Amino acid sequence: MQELATLTDKHGDPVSIGDEVRVLSVSLDGDMEDDEREMFEFMIGAICEIERIDSTGRAWVTMWWSCGDGNATTSVGLERHQMELVRR
């Protein structure tokens, strides 16, 4: 199995699964509905935990939303320029 290179954030700091990152930007699909687009845009500035890293090197994070019908989630794969490591 081939090992992926170390994933880094915008500043070159290494990040891995379980680290918390601040979402700096998200890539939006032009065909998204307004409600869906708003949920993704609201993630900007949020601090989320990296849940997984895919084979292309994107760090996946999820936000949970409380809706009138229950809970919803929004997940997004972040590239290095779209996140920064949060140090506590």
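Tutor: Glutamate 33 sits in the loop between strand E1 (20-23) and helix H1 (34-42) (helices, H or I, of at least four residues and strands, E, of at least two are DSSP runs numbered from the N terminus). This is a predicted model, in which local features need pLDDT of at least 70 and side-chain atom pairs pLDDT 80 or more, while totals for chains, interfaces and linings use all residues. Residues are numbered from 1 along each chain as its sequence is written, and side-chain values use heavy atoms, without hydrogens or water.

Glutamate 33 counts as exposed because its relative accessibility is 62% (buried is under 20%, exposed over 50%, partly exposed in between, with a 1.4 Å probe and protein chains only). It belongs to a surface patch of negative charge made up of Asp29, Asp31, Glu33, Asp34, Asp35, Glu36, Glu38 and Glu41 (patch residues have over 30% relative accessible area and no salt bridge, and like charges are joined within 9 Å).

The whole structure has three salt bridges (a Lys or Arg side-chain nitrogen within 4 Å of an Asp or Glu carboxyl oxygen). In one, arginine 87 meets aspartate 13 at 3.3 Å, N to O. Arginine 87 follows strand E6 (83-85) and aspartate 13 precedes E1, so this pair ties together parts 74 residues apart in sequence. Arginine 87 is exposed at 60%, while aspartate 13 is partly exposed at 23%.

Another salt bridge joins glutamate 84 and arginine 22 at 3.1 Å, N to O. Glutamate 84 is in strand E6 and arginine 22 in strand E1, so the pair links parts 62 residues apart in sequence. Glutamate 84 is buried, with 18% relative accessibility, and arginine 22 is partly exposed, with 28%.

Arginine 58 and aspartate 54 also form a salt bridge, at 3.1 Å, N to O. Here aspartate 54 is buried at 11% and arginine 58 is partly exposed at 30%.

Threonine 62 lies in strand E4 (residues 59-67) and is buried at 15%. Its side chain also contacts that of serine 75, at 2.7 Å.

As for the setting, the chain has one helix and six strands, running β-α-β-β-β-β-β from the N terminus. Of its 88 residues, 33% count as buried.

Technical notes:
Patches are made of residues with over 30% relative accessible area and no salt bridge: like charges are joined within 9 Å, nonpolar side chains (Val, Leu, Ile, Met, Phe, Trp, Tyr) within 5 Å. Accessible areas come from the Shrake-Rupley method with a 1.4 Å probe; for residues, only the protein chains shown count as cover. Lys and Arg count as positive and Asp and Glu as negative; His and the chain ends are not counted. The place of a charge is taken as NZ of Lys, CZ of Arg, CG of Asp or CD of Glu. A polar contact is a pair of N or O atoms within 3.5 Å; within protein, one must be able to donate a hydrogen and the other to accept it, and residues adjacent in sequence count only if both atoms are side-chain atoms.
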